[in-house]
Amino acid sequence: MCQHQPPCPTADSADREAARLMAHHPEQGWSLLCNGVLLFEDTGELLPDGQIIAPHRPLGTGQVMKAA
C-alpha cells in the first residue's frame, strides 16, 4: 500500500501510528494513515482487517498546567 521510501510501518507493527497521513478530518475526529489504519482523536484505531484498538490515552495527570 505504501509508496514512500523508507516505507511506512505496516498496520500490524507496533509503531503503526508513525505512518504518514493520507487524509485528515479533525472536524470529524479521524485520520487515515498510509498503512490503512483509521486513527481517531480519542487514540482509538481501526485496522484494515477490521480489528479495533481501544483508546490508549495516558491515564495519569502528571503534567497539568495552570493558567497564570
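A salt bridge is a side-chain nitrogen of Lys or Arg within 4 Å of a carboxyl oxygen of Asp or Glu. The legends below use that term and a few others. This is a predicted model, in which local features need pLDDT of at least 70 and side-chain atom pairs count only at pLDDT 80 or more, while totals for chains, interfaces and linings use all residues. Residues are numbered from 1 along each chain as its sequence is written, and side-chain values use heavy atoms, with hydrogens and water left out.

**View 1. The salt bridge between E45 and R16.**
How many salt bridges does a search of the whole structure find? The search finds one. Here the side chains of E45 and R16 meet, 2.7 Å from N to O. E45 lies in strand β4 (residues 45–46) and R16 in the segment before β1 (21–25), so the pair ties together parts that are 29 residues apart in sequence. Strands (E, at least two residues) and helices (H or I, at least four) are DSSP runs, numbered from the N terminus. E45 is buried, at 3% relative accessible area. R16 also counts as buried, at 14%. Buried means under 20% relative accessible area, exposed over 50%, and partly exposed in between (1.4 Å probe, protein chains only). Side chains of opposite charge can pair when their charged atoms come close.

**View 2. The sheet of five strands.**
The sheet is open, and its order is β1-β2-β3-β4-β5, with antiparallel pairing. Two strands pair if DSSP finds at least two bridges between them. β1 and β5 stand at the edges, each with a single partner strand, so one side of each is left without a neighbour in the sheet.

**View 3. The hairpin of β1 and β2.**
β1 pairs with strand β2 (residues 30–33) in the antiparallel sense, over four bridges. Four residues lie between the two strands. G29, in the turn, has a positive phi of about 85 degrees. Look at A23 in β1: L32 in β2 stands opposite. A23 touches W30, S31 and L32, not counting residues up to four places away in sequence. Touching, or contact, means heavy atoms within 4.5 Å. H24 has S31 of β2 as its bridge partner.

**View 4. The hairpin of β2 and β3.**
Strand β3 (residues 38–40) pairs with β2 in the antiparallel sense, over three bridges. S31 has L39 of β3 as its bridge partner. L32 has L38. Four residues separate the strands, and G36 in the turn has a positive phi of about 90 degrees.

**View 5. V37 and the largest nonpolar core.**
Eight residues make up this core: C8, A11, A19, L33, C34, V37, L47 and I53. A nonpolar core is a set of buried Ala, Val, Leu, Ile, Met, Phe, Trp, Tyr and Cys residues joined through side-chain atoms within 4.5 Å. In soluble globular proteins, nonpolar side chains tend to be buried together. Leaving aside neighbours within four places in sequence, the contacts of V37 include A11 and L47. Both partners of the salt bridge, R16 and E45, are also in contact with V37.

**View 6. G50 in the loop between β4 and β5 (52–53).**
G50 is partly exposed, with a relative accessible area of 44%. G50 and V37 are 13 residues apart along the chain, and their C-alpha atoms are separated by 9.6 Å.
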